[in-house]
Amino acid sequence: MTTPMVKFENVTKRYGALTVLDSLNLEIAPDEKVAIIGPSGSGKTTVLRMLMTLERINDGIIYVDGEPLTHMPKNGRLVPADERYLRRVRGKIGMVFQHFNLFPHMSALRNCMEAPIHVLGLSRQEAEQRAAELLDMVGLSDKKHQYPSQLSGGQQQRVAIARALAMRPKVMLFDEVTSALDPELVGEVLNVIRKLGKEHNLTMLMVTHQMGFAKEFADRVCFFYGGQIVESGRPEEIFSAPKEERTRQFLSAVLEAS
Amino acid sequence: MFWDWNYVWEITPALLRASLVTIQATLLGFALAATLGLVLAIMRMSRTSWISVPTAGFVEFIRSTPVLIQIFFIFFVFPEFGIVLPAMTAGVIALGLHYGSYCSEVYRAGLENVPRGQWEAATALNLSPYITFRDIIIPQAIPPVVPALGNYLVALFKETPLLSAIAVLELMQTAKILGSQSFRYVEPITLVGGFFLVMSLVAAAFIRQVEAWLNRSLRNPGGER
């Protein structure tokens with residue numbers, strides 16, 4: 001069996017007395033597309049945030065591409081990773097946020113150049129060329145000199161996707177990337193993600209409320225409830241014949257609303 | 001005669017020269033305050049408590065003691081420890097320290113107002129802490145606090161007469177010397193007051209211009225849509 005691209009091993013996350021994730025075990029294969037669904041507060045966004053190292057974990061280990069992410073080897077043992085180690089391994093992961101989080105004082109192009117220049121050490125010309133190609137791929141070649149405030153939500157989110165891709169990550173995380181968008185702008189963002197899935201060898205992990213998209217796009221769907229994966233499987237299994245009562249309740253509530 | 005124009009013309013050149021010292025002390029003091037303030041603000045926000053706690057203590061200590069005492073301390077007490085500074089240097093350092101601690105609170109408000117998502121995006125892009133501050137956080141934190149910093153510039157300017165206490169030949173000290181030589185205080189002191197009034201108004205107008213310009217460029221970076 002190939003090494004999983006992402007592996008959660010007994011990962012626990014607590015906020016004070018509240019356990020958000022309870023001994024999570026999850027393996028994601030290279031190039032696999034996994035959709036995470038579940039009610040709010042079920043810990044699904046926390047999974048992505050831990051993987052992006054935005055949250056520290058309380059217990060367990062996360063591996064990425066065969067290397068520990070949350071821990072580093074030291075004298076033959078694994079100890080919690082320090083900032084320097086994190087900076088090295090975190091480059092394998094890219095993230096797109098619900099609220100875009102573009103840098104408002106930089107043009108679309110500059111947003112996509114900042115990290116390649118300062119982290120990957122690309123020259124200005126190389127970074128600019130790559131940024132322009134990526135903006136072209138997300139369909140925004142005519143908007144590259146615009147600032148975030150001059151773009152629609154859908155366009156901003158597409159810039160954010162291009163910005164994350166500019167770092168050439170192996171794993172892309174999408175955290176409810178269409179939730180803050182007006183309904184008519186959702187499609188253009190999902191189309192970009194579809195295209196990415198087809199044209200790039202990327203492992204993708206997405207938290208989403210777009211059940212239709214999850215069903216069509218994902219190789220696997222994980223249903224989170226109460227900090228645990230209650231059920232996971234191929235989308236057609238989860239959506240047509242869920243085994244667990246919790247999953248059925250959640251899906252019928254979601255489908256009723258839409 | 002209550003007001004002697006001839007005397008006014010006579011002392012004007014000396015006062016103008018002294019006003020350059022006042023402006024110099026203001027600009028140097030504020031440059032120090034603006035730089036030190038930013039450093040203190042960043043240190044105070046540090047997650048490492050042995051950096052943030054002493055910094056907070058230092059800022060509170062400086063803000064809670066009069067600037068005149070700080071000026072005296074640096075000029076008269078530091079030499080006891082072998083640090084002998086010219087009056088102007090001691091005065092600029094004291095003003096810079098005092099207003100630096102005030103500016104640090106202004107910067108801190110600006111830094112804390114940058115949305116958390118900006119920090120998270122910087123982390124997700126693997127930017128170093130230095131680049132994150134320099135390219136992402138500071139450019140967003142400072143424009144909104146420029147008016148507040150400008151107020152401290154004017155306040156610092158108006159505190160420079162305190163330097164006359166350690167005999168820096170700035171405007172106030174010069175006016176006092178002129179007055180004691182001729183026993184006429186009305187003209188020199190009035191001229192000094194007028195100078196401060198005019199310069200403060202000019203500075204305030206300038207800050208308003210900068211503020212308006214910043215507001216325009218913040219609301220719509222990159223110009224017209």
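Q: What are the helix and strand percentages over residues 19-207 of chain B, and how far apart are the end C-alpha atoms?
A: This is a predicted model, so keep that in mind throughout. Over that stretch, chain B is 78% helix and 0% strand, with 21 Å between the end C-alpha atoms.

Q: Which UniProt annotation covers residues 19-207 of chain B?
A: The UniProt record, an unreviewed entry, labels them "domain: ABC transmembrane type-1".

Q: Now the interface. How much area do chain B and chain A bury between them?
A: The general idea first: an interface's size is often given as the accessible area lost when the parts come together. Here chain B and chain A bury about 2100 Å², and 58% of that is on carbon and sulfur atoms. Counting residues instead, 25 from chain B are in contact with 26 from chain A.

Q: How many salt bridges and polar contacts are there between chain B and chain A?
A: For salt bridges, look for oppositely charged side chains that meet. The count here is one: A:Arg49 pairs with B:Glu120, at 2.7 Å from N to O. There are also seven residue pairs in polar contact, both residues at pLDDT 80 or more.

Q: Which elements of chain B give two or more residues to the side that touches chain A?
A: Helix 5 (116-124) and helix 6 (129-141). Helix 5 gives the most, eight residues.

Q: And how do the residues on that side of chain B divide into nonpolar, polar and charged?
A: You'll find nine nonpolar, nine polar and seven charged.

Key
Residues are numbered from 1 along each chain as its sequence is written. Chains are lettered from A and ligands numbered from 1 in the order in which they are written. This is a predicted model: local features need pLDDT of at least 70, side-chain atom pairs count only at pLDDT 80 or more; totals for chains, interfaces and linings use all residues. Side-chain values use heavy atoms; hydrogens and water are left out. Contact means heavy atoms within 4.5 Å. Buried area is the accessible area (1.4 Å probe) that two parts lose on being put together, summed over both. A salt bridge is a side-chain nitrogen of Lys or Arg within 4 Å of a carboxyl oxygen of Asp or Glu. A polar contact is a pair of N or O atoms within 3.5 Å; within protein, one must be able to donate a hydrogen and the other to accept it, and residues adjacent in sequence count only if both atoms are side-chain atoms. Helices (H or I, at least four residues) and strands (E, at least two) are DSSP runs, numbered from the N terminus. Ala, Val, Leu, Ile, Met, Phe, Trp, Tyr, Cys and Pro count as nonpolar, Asp, Glu, Lys and Arg as charged, and the others, Gly among them, as polar. UniProt positions are given in the numbering used here, feature names are shortened, and annotations may be inferred rather than shown by experiment.
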